[in-house]
Amino acid sequence: MVQKSLNILFTSAGRRVALIRHFKKTLSSLNIDGHLLGVDVSADAPALHELDDARLICRIDDPRYIESLIELCISEKVDMLFPLIDTDLMKLSLARPEFARVGTNAVVCDPELIEATANKYKTYDLFKRFGIDTPTVFELTERCEDSYRYPLFMKPLDGSASKSIFKINSRKELFFFREYVERPILQEYISGREFTLDMLFDFDGAVRCIVPRRRIEVRAGEVSKSVIDLDPAVMDAGWRLGEKLRGARGVVNVQCIRTAEGRVSFIEINPRFGGGTPLSLYAGADFPRWLLQMALGDDPGDIRSAFTPGVYMLRFDDAVFLPDLPALKKVQS
Ligand SMILES: Nc1ncnc2c1ncn2[C@@H]1O[C@H](COP(=O)(O)OP(=O)(O)O)[C@@H](O)[C@H]1O
Ligand SMILES: [Mg+2]
């Protein structure tokens, strides 16, 4: 039998221990002889210590960031690269052809999609263009309109991790928070159950599987309790959106709110593995396996329903214990 081999690099490995452990299991169950590598700016990123090889790298905003990654991809013969936070998505996406030239498939969406998801005004436009329900956005004029119906919702248009988000109950609050929130966007407030959809896109940009995770509890901007809930209205809206998105690749997570009346209103797209994705993996939606299979030219087939509804994820704190912090090599360009 021909020995299959795939080396995989994760950028900003951070705290994604569960995801990396899953990749490790997947490599061995597919009988792939591969290495898992990761980079981060600091040796105290827990996930670095789950990898076969970890390196330190300059900050993403350093002009040498991409060059350094390319060097690493060459020296370590990296076949696939997965980003794990939002910050380097655009740089990686623009550099996809450079990565391809050195034999690395950077599993990142196209720049146009990343641009639209990095700014909540542009995300709103994208949903509108596709005829997908999204909260109405109100222009923040100098004098706040009397006609606004409260409550409203305010957040930074380039925010993340639920930082600086506010329900606005009155004109007085609106005046206060429009000064307080940096680069604010003002939206209609949607009350309901919140879902994150993990969507898998193949390398031709076709959506292949959508897993609906209903949020039960959030801690520090990341889901801590959730359940796979095949709500028909959410699934229907999710597939309509998935089939319209262009330039998507790999796992993209999308958030929506489902009201008691059955409205499904989309608020956000994060074009990367979500923090809560381990629930989908545990429920059977084996994104790492399918992506690796696709990379090896072996299509996983019909995977639309390849997961079990009703599965819960109840997170707790865990830790990596180390006798000492190892001195990691720095990637130099
Ligand atoms: N229009 C809205 N109405 C009600 N709640 C909202 C609205 N927009 C966002 N939220 C809440 O704020 C949270 C963060 O908003 P989101 O757009 O996902 O920004 P980010 O995750 O980038 O901080 C959401 O998870 C949701 O709970
Ligand atoms: Mg969000």
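**View 1. Antiparallel pairing of β7 and β9 in a predicted model.** Strands β7 and β9 pair in the antiparallel sense over five bridges; two strands pair if DSSP finds at least two bridges between them. Helices (H or I, at least four residues) and strands (E, at least two) are DSSP runs, numbered from the N terminus. Pro184 in β9 is the bridge partner of Pro156. The model is predicted: local features need pLDDT of at least 70, side-chain atom pairs count only at pLDDT 80 or more, and totals for chains, interfaces and linings use all residues. Residues are numbered from 1 along each chain as its sequence is written, while chains are lettered from A and ligands numbered from 1 in the order in which they are written.

View 2. Two residues are in contact if their C-beta atoms, placed from the backbone, lie within 7 Å.

**View 3. The surroundings of ligand 1.** Ligand 1 is surrounded by 17 residues, and the closest are Pro135, Phe153, Gln187, Ile190 and Glu268. A residue is near the ligand if its C-beta atom, placed from the backbone, lies within 6 Å of it. At least two residues of the shell come from each of β7 (152-156), β9 (184-188) and β14 (264-270). The shell comprises seven nonpolar, five polar and five charged residues. Here Ala, Val, Leu, Ile, Met, Phe, Trp, Tyr, Cys and Pro count as nonpolar, Asp, Glu, Lys and Arg as charged, and the others, Gly among them, as polar. Domain 2 (113-119 + 191-314) and domain 3 (136-188) each contribute at least three residues to the shell; domain bounds come from an automatic or database domain assignment.

View 4. Strands β11 (residues 207-219) and β12 (residues 222-228) run antiparallel and are joined by six bridges. Glu217 stands opposite Lys225 in β12. Two residues separate the strands of this hairpin, and Ala220 in the turn has a positive phi of about 50°. Strand β12 is also joined by three bridges to β15 (residues 312-314), again in antiparallel fashion, with Ser226 opposite Met313 in β15.

**View 5. The contact between domain 1 and domain 2.** The centres of the two domains, taken over C-alpha atoms, are 22 Å apart. In domain 1, 19 residues are in contact with 17 residues of domain 2. The elements giving two or more residues to this side of domain 1 are α1 (17-29), β4 (80-83) and α3 (89-94). Helix α1 provides the largest share, five residues. This side of domain 1 divides into 13 nonpolar, four polar and two charged residues.

**View 6. The five-stranded parallel sheet.** The open sheet has the order β3-β2-β1-β4-β5 and parallel pairing. Its edge strands are β3 (53-56) and β5 (105-106), each pairing on one side only. Two bridges join β4 to β5, and Leu81 stands opposite Ala106 in β5.
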